[in-house]
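Keep the structure open as you read.

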Amino acid sequence: MPVEPVGDASDPRLSDFLDLRDTQMRAAREPAEGFFLAEGEVTIRRALAAGYEPRAVLTTERWVGALADLDVTTYVVAQDVMDTTTGYPVHRGALASFQRRPLADAADLLADARRVVVLEDLVDHANVGAIFRSAGALGWDAALVSTRCADPLYRRAVRTSMGAVFTLAWTRLDHRTGIDALHEGGFVVAALTPDPSASVIESIAASPRLAVVVGAEGPGMSTRWLEAADVRVRIPMRGGVDSLNVSNAAAIALYLLA
């Protein structure tokens with residue numbers, strides 16, 4: 001591990017790790033510059049195991065030993081320098097930046113898939129990460145996220161997914177034409193909705209190729225996707241509750257339809 005002590009939060013070597021609380025800036029900057037961040041030793045190692053190329057690690061003296069086997073430039077700072085650089089108290093010991101990979105073509109990804117989950121315009125990174133985690137744990141083949149969906153490789157999504165974003169195949173899908181690509185790939189498209197007129201999810205017929213679509217928090221799925229879906233399915237509710245958090249609903253649907 002090449003170790004470089006850094007004593008100043010304004011040092012340009014720490015640029016990848018600046019102002020992590022500025023969600024809007026980071027969400028724009030990271031994809032544009034072609035990198036993402038992983039937080040904590042477990043997640044960093046999972047990104048490495050998945051073959052992502054590391055750019056740098058930021059850590060404190062306390063954690064250097066745990067990461068000593070990593071063959072990547074490591075900037076070692078005092079805790080106050082780390083917190084000033086990132087903009088928040090870092091409790092997971094280390095951050096690492098990694099190069100992004102080019103996204104796969106949606107048709108190529110769908111060619112070998114049988115079960116895919118589609119995230120249409122979800123804006124909360126934690127929900128995106130949680131759905132990736134469920135899809136990976138339950139054996140789904142891939143995830144597709146609309147062009148307006150939150151970034152699966154944003155730090156919070158990566159952390160919530162526990163690294164599932166590194167191992168589950170995924171790509172972007174145009175929110176206007178994506179459902180056509182699914183139909184052209186031979187997928188039955190099931191739209192998950194709390195609408196009481198939708199079919200109970202257990203009643204959906206088995207299909208060799210199935211795409212489950214979940215919609216945005218709050219407004220739900222767009223009219224275009226709801227109307228173009230082959231079937232609309234719901235999870236029965238009781239006790240006066242009319243809906244579930246989207247990541248919880250997705251987990252139930254992915255389990256039942258796996």
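Strand 9 (residues 188-192) and strand 12 (residues 231-234) pair in the parallel sense over three bridges. Helices (H or I, at least four residues) and strands (E, at least two) are DSSP runs, numbered from the N terminus. Two strands count as paired if DSSP finds at least two bridges between them. Ala190 stands opposite Val231 in strand 12.

The model is predicted: local features need pLDDT of at least 70, side-chain atom pairs count only at pLDDT 80 or more, and totals for chains, interfaces and linings use all residues. Residues are numbered from 1 along each chain as its sequence is written, and side-chain values use heavy atoms, with hydrogens and water left out.

Now widen the view. Seven strands form an open sheet, in the order 8-7-6-11-9-12-10, with parallel pairing. Strand 8 and strand 10 (199-200) are the edge strands, and each pairs on one side only. Strands of a sheet pair through backbone hydrogen bonds, either parallel or antiparallel.

Look next at strand 11 (210-214). Strand 6 runs parallel to strand 11, and five bridges join them. Here Leu119 stands opposite Val214 in strand 11. Strand 9 also pairs with strand 11 in the parallel sense, over four bridges. In this pairing Val189 faces Ala211 of strand 11 as its opposite residue.

Why is strand 11 largely enclosed by the rest of the structure? Five of its five residues are buried, so strand 11 is largely enclosed. Buried means under 20% relative accessible area, exposed over 50%, and partly exposed in between (1.4 Å probe, protein chains only). In a regular strand the side chains alternate between the two faces of the sheet. In strand 11, Leu210, Val212 and Val214 point one way, Ala211 and Val213 the other way, and all are buried.

Helices lie across these strands. Helix 6 (residues 125-137) lies across strand 6 (115-119), strand 7 (142-146), strand 8 and strand 11, and runs at about 175 degrees to strand 6. Helix 11 (residues 246-257) lies across strand 6, strand 9 and strand 11, at about 165 degrees to strand 11. Axes are lines fitted to C-alpha atoms, for helices over the stretch in contact (heavy atoms within 4.5 Å), and angles run from 0 to 180 degrees between N-to-C directions.

Where is there open space? On a 1 Å grid over the protein atoms alone, a pocket is an open set of points where a 1.4 Å probe fits, with protein on both sides within 12 Å along at least five of seven lines; lining residues have an atom within 4 Å of a point. Grid points are joined across faces, edges and corners, and a volume is the space filled by probe spheres set on the points.

The largest pocket holds about 370 Å³. It is lined by 20 residues, of which Leu192, Thr193, Pro194, Ser243 and Leu244 are the closest to its centre. The second largest pocket has a volume of about 290 Å³. Of its 16 lining residues, Tyr52, Arg101, Pro102, Leu103 and Trp170 are the closest to the centre. Helix 8 (164-167) and strand 8 (169-173) are the elements that give two or more residues to this lining.

Finish in the loops. Met162 lies between helix 7 (155-161) and helix 8. Its phi is near 55 degrees, a positive value in a residue other than glycine. Most residues other than glycine have a negative phi. At 31% relative accessibility, Met162 counts as partly exposed.
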